[in-house]
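Visitor: Please take a close look at the part where the two chains meet. I would like the contacts laid out, with some background on the chains themselves.

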Amino acid sequence: MLSVVIRRLIVAVPLMGVISFIVFVLSSLAGGSVGQAILGPTASAASVAALNAKLGADRPVLVQYVDWLRHAITGDLGLSVVSGVPVADTIASRIPVTMSLAVGALLLVIILGVTSGAIAAIRGGIIGRLAEVLAVLGRGLPSFWLALIAVLVFGVNLAWLPVSGYVPFADSPSGWIQSLILPVVVLGVSEIALVAVVTRAEMLSAMRSDYVRSLRANGYPWKRIVFKHVAKNAAGPVLTMVSLVFVSLIGGTILMEQIFGMPGLGTLMVSATTKHDLQVIQGLAVFYTAMVVVVFLLTDIASGYLNAKARAR
Amino acid sequence: MSAVIEGAAIQEQSRRAAERGAGFLPRLVRQPIAVACSLVLLVIVLACVFAQWVSPYEPLDQDLQNTAAGPSASHLLGTDQLGRDILSRMLHGGQVTLLGIVQAVVVCAVIGLFLGLTAGTLGGWVETVAMRLCDLLLAVPGLVMLLVILGIYGNNEAAAMITLGVIMAPTLARVVYSATIAVREELYVASARVAGLTSLQIMRRHILSGVTGPALTQISIVAAVACIAEAGIGYLGLGVAPPAPSWGNLVTDAQNVMPISAWMLVPTGGIIAVVTLSLTLLGNGIRDAYMGRSSGSAKAFSWRALAVKVSQAASPAGGGAAPLGQESILSVKGMTVRLPRGSSEVTIVDDVNFHVAPGEAVAIVGESGCGKSMTISGVLRVLPMGAHVAAASISFKGAELTSLSEREMNAYRGTGIGFISQEPISSLNPAFTVGHQLEEAVRLHRGVGKGKARQIARELMARVRLPEPDAVAKKYPHELSGGMAQRIAIARALAGEPELLIADEPTTALDVSVQCEILDLLRDLREQTGMALILVTHDWGVVAEACDRALVMYAGQVVESADVRSIIAHPAHPYTRALLQSSSVGIAPRQLLPVIAGTVPAPGFWPHGCRFASRCELAEDACRTGPIPMVTLDEGSAARCIRTDVDELVRT
């Protein structure tokens, strides 16, 4: 097990280095400079150059990158070019919002997706077909559009739920839940069917396998076969799917936060993008990548636990 | 014998490969949903491309009398908050979105096809490097990278869409790669045998036709994702700058007029939904056409469909069942097994009769595809989904199995009748240790606690002569050799102390030396316990070694049944004779083994008359006119042949 973790980390750590380096190089190629971004387009060339020199932005890209990396390792992601606030602090303050959204949607997806997929695999009939149709719809309907319709129906017309804003859990647990319901449901809904389809397909393929045939021929009760033997074999691929879904949910939070006016990492990303706040963009790119890497790492560990063969590889 | 089987396999493979390439377009055209989606996409693309001429207004024309209006004769899809015609803005905005889709798809296709094809065809270090690169790219969170690019390059949509294409390329590369590998391996098998037809040219053609379907499916998914992503960028205000329209920023406009009128949400979101849904469904259609399925034929498979439909059939014509007065542990009369094929059913086992006496070992012999395994599966009622068993009677120790419910039937499996299958390793669950699986069987069938079960499991492992039971118990099936896994499978089947053991080709997948050990083990176990045995095999050596009586099956029917000694010495049916001649039993060493010309007719294509007639040198017109009955020859032996009279002549 430890070797799986180590092997993953051997890939993961350089990956984050590569991503941050690519972002660094791309931003230096884009033209403009930190000084220009701070002082605005009307500033004189001399004052821009002076500021660049002061900030160290006139050094070669590689030197700047190594400098940034040295600080990044200690958790210092630099200062926002626009606001002057430490990037790491800004990111840390916004993590709870994005995580509430993404984890909430993930739970919804897992509970509903796996349950309906399992029911479809066991009972057959309409649920399996329905999941396939919904999976196509979920992939096809733009989530920001669905969100607007949900706001219109449940927020404006029915006035059941708040249409924007985020209430921290510490302030009011019930307010926290209310502020999350709409964005979480809209964010998760398109992925539920996808997980259901994969769950159903994996369970069906296990049900057709040679070992299930042998278990049935040797008189095992069906519940034991399905909920123990089939379930453990289907769990690995379903888990992989769920980890991919989580990555796509993290991306989806960017749109949801924007629509529902939530102060998370996504809104930070969008505002940094519009303002060309390169320090923040860099910090976020590294943070998002780290998040994905951690998710994949956890998935690998869990898969190894479920599947002896994967562990051996 | 085995040459016959391989011949059939090659035919099947080359047929599949040929069908795949040739029938792809016609099959796609036959799918109404795919065709409809293509037409919808074509209309939208044309309307957008020719927007300058098609659209009723200029995208920036304002009709200030009609702001935020619903659909009307002058504005078919209504107007926005500035009185601009929504339809016209959608058509012009579509150019931005469609261009973005094309950019992403082209970049993705070029990179993905290049990586996948080179990795798949060249192999070696190219394969390793390309696939590692794909792994690396797959770990990059897509939308984040898009925003990074937009943030750095400032609303440069082309840069964003090209980035999207790069991000999505590894998935396509993997699809192309695995399709290429599949074709390559299939071709190696076939081309190694089909003389003369080599190699590079065929390879190129086959790989292209093999890769096209999966690649197009993936590319249509990429296009759908690109459409959503482009619209998302536009919606966030990071795409083309207003007032120039794009599908994404039209949704933003719709959001802004939402307090006044919600109508604008409908066409603006609708067009994105229609395009992405059409692309997704088109992809599904391509996949179905490629896999040779008609659309929507992913029928309701489920665990429930595994419960076999059982019906009572009329009494059989006779033959093969136990003679009156002789007791039998298992007696099967007039059993027919049908499997679903498309929307109808096909008969796999046709009116089979046999019996097994207590302690007796009966072999079921025949080539692959003759229904041997399906016969025993029918008895156990463990069949593929949607199967149907009809029988006049299947009685086990006097109990009529056909009248039992699935739950009642389950009480006989494992405890009354044990089962071991052909592939020992895959017959064990890969996710649990073999010790755990064995103990589970013991606890289930003997109702004992954990500690006792462990003890009994160890005893069983000793009985099947597994060395170092404690070490073996901790292993997973894939860590065992075939012989060891088969011993575990046998031990599991013995956990319920069955009176009848059914073994489906238990030695076929094993090495010759291990085969003998397993056969010895089965014989010794029978001597110790007195259990009866049904042994499915195509190996006469196994029959001679381990069995008392043999049933020969051909094309779903029993064609001969007799005790082993007399069937080997005096086969009555021409098929039995041919089978025996093509095996090494009773033949001098170094003599060339003849093979039986032709192949077993597939289920659904069985002739009305004798099913072996087309491969039989004794066949005459009378053989082909109608079904051939089982003819009782001597005591306890029977054959389904009208020309048994000439046997002696032929034999000498």
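Guide: Start with chain A: 48% of its 313 residues count as buried. Keep in mind that this is a predicted model. The secondary structure of chain A comes to 13 helices and zero strands. The C-alpha trace of chain A spans about 85 × 55 × 35 Å along its principal axes. Among contacts in chain A with a separation of 6 or more, 71% join residues 24 or more positions apart.

Now the meeting of the chains. On one side stand 63 residues of chain B, in contact with 61 residues of chain A. Several elements of chain B give two or more residues to this side: helix H7 (142-153), helix H9 (200-235), helix H10 (247-257), H11, strand E8 (417-420), helix H14 (434-446) and helix H17 (482-494). H7(B) gives the most, with nine residues. By class, the side of chain B that touches chain A has 40 nonpolar residues, 19 polar and four charged.

Next, one helix pair across the chains. Two packed helices are described by the angle between their axes and the distance between the axes. Helix H6 (residues 126-140) of chain A and helix H11 (residues 265-290) of chain B have axes that come within 8 Å. Those axes cross at roughly 130 degrees. The angle falls between 115 and 145 degrees, so H6(A) is oblique to H11(B). The crossing of H6(A) past H11(B) is right-handed.

Which residues make the contact? From H6(A) come A:Val136, A:Arg139 and A:Gly140. H11(B) answers with B:Ala273, B:Thr276, B:Leu277, B:Thr280 and B:Leu281. By class, that contact has four nonpolar, three polar and one charged residues. A:Arg139 is the charged one.

Last, the nonpolar core. The largest nonpolar core holds 286 residues. Within this core, A:Val195, B:Leu172, B:Val222 and B:Ala226 touch the most other members. Helix H8 (residues 173-207) of chain A supplies the largest share of the core, 18 residues. Take B:Ala226 as a worked case. Setting aside its neighbours within four places in sequence, B:Ala226 is in contact with B:Gly100, B:Ile101, B:Ala104, B:Val105, B:Met161 and B:Leu164.

How values were computed:
Residues are numbered from 1 along each chain as its sequence is written. Chains are lettered from A and ligands numbered from 1 in the order in which they are written. This is a predicted model: local features need pLDDT of at least 70, side-chain atom pairs count only at pLDDT 80 or more; totals for chains, interfaces and linings use all residues. A nonpolar core is a set of buried Ala, Val, Leu, Ile, Met, Phe, Trp, Tyr and Cys residues joined through C-beta atoms within 7 Å. A residue is buried if 20 or more other C-beta atoms lie within 10 Å of its own, exposed if 12 or fewer, and partly exposed in between; C-beta atoms are placed from the backbone. Helices (H or I, at least four residues) and strands (E, at least two) are DSSP runs, numbered from the N terminus. Two residues are in contact if their C-beta atoms, placed from the backbone, lie within 7 Å. Axes are lines fitted to C-alpha atoms, for helices over the stretch in contact, and angles run from 0 to 180 degrees between N-to-C directions. Angles under 35 degrees count as roughly parallel, over 145 as roughly antiparallel, 65 to 115 as roughly perpendicular and the rest as oblique. A crossing is left-handed if the near helix is turned anticlockwise from the far one by less than a right angle, and right-handed if clockwise.
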